[in-house]
Amino acid sequence: MLTGFATPEGTAHFAARFPQLAAQRWFQTVNGLMISNLGLGSYLGQVDEEADRLYQAATEAALVSGINFIDTARNYRHGQSEIALGKAIVAHGHREEIVVATKAGFTSLGHSMEPAFLEEQLDLSRKAMGLETIDIFYLHNPETQLRNLSPDEFETALAKAFEKCEALVASGRIRSYGTATWDGYRVPGMLDLDRVKALAGPNFGWIQLPLNAVLTEGAPVAEKAAAMGLGVVASATIYQGRLREHLPVAIQYSRYSPGVTSALVGMGRPEHVAANLAAAVAEIG
């Protein structure tokens, strides 16, 4: 396994190689880490060797183009995204330069936040990626549990999951944790950021939520989270391809939304990296 994790010194060294991006609000600092304002997502795609090869190539292209924020999840492409991205990160070698996030929660049978399950899934992710330590470990769509639990039961389950995440930080397997959501922070009556933060421990540092030119409901939460000192990741930046024809506007809307640390765009091919990078820094008249 590749040892280490993202560090302030390592991410600053990465950023220094891309001075041409400095004027583009490119690197945002959270907890001392300099993080690219555009992140590589890995949700969609076929589950086959060709898609694996292209995801690995896309990640390699991202890392030499100024993108050091890599996002995946245990269930993305049935675990193949983690493997492909991990190969590229290990090949890059400079673990201290790259911020890596993954998620756990979904199973083949449904959804779980049970502490033992989260630990098992994290260890599978670490093995798949070939990384000793994950920088950000998200509870994946925890609001899913509200379908079956009362609000009080949900809070109890969430608190236990956060307690396990604190233990995983103490063990050195993760550096921080958070909540990656879809409806959670957008739909009234689901997740309240103040309450979530109160239930969590000191290493709760991140939220992820959809935020694009169509799905704007999460904007106030993003701004509030940033004011709390949390890293904020905008997902669905081009709305899973629906905003592809408006690429520069779509990407810049999410990148420049108040509070956003990094906007994720799925990049399953090297040419996606080039196109999204160009759109992110394009002059829009």
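Author: Residues count from 1 along each chain as its sequence is written, and side-chain values use heavy atoms, without hydrogens or water. In this predicted model, local features need pLDDT of at least 70 and side-chain atom pairs count only at pLDDT 80 or more, while totals for chains, interfaces and linings use all residues.

Reader: Why is strand 10 called mostly covered?

Author: Buried means under 20% relative accessible area (exposed is over 50%, partly exposed in between; 1.4 Å probe, protein chains only). Seven of the seven residues in strand 10 (204-210) are buried, hence the label. Strands here are DSSP E runs of at least two residues, and helices are H or I runs of at least four, numbered from the N terminus.

Reader: How do you know that strand 10 and strand 11 pair?

Author: Pairing takes at least two DSSP bridges between two strands. Strand 10 and strand 11 (231-235) have five, in the parallel sense, so they pair. I207 has V232 in strand 11 as its bridge partner.

Reader: And strand 9?

Author: Strand 9 (174-180) pairs with strand 10 in the parallel sense too, over four bridges. There, G178 stands opposite W206.

Reader: What makes the β-α-β unit of strand 10, helix 7 and strand 11 right-handed?

Author: With the strands pointing away from you, the path from the first strand over the helix to the second must run clockwise. The unit through helix 7 (219-227) is right-handed, so its path runs clockwise in that view.

Reader: Which strand gives the largest share of the second largest pocket's lining?

Author: Strand 10, with three residues.
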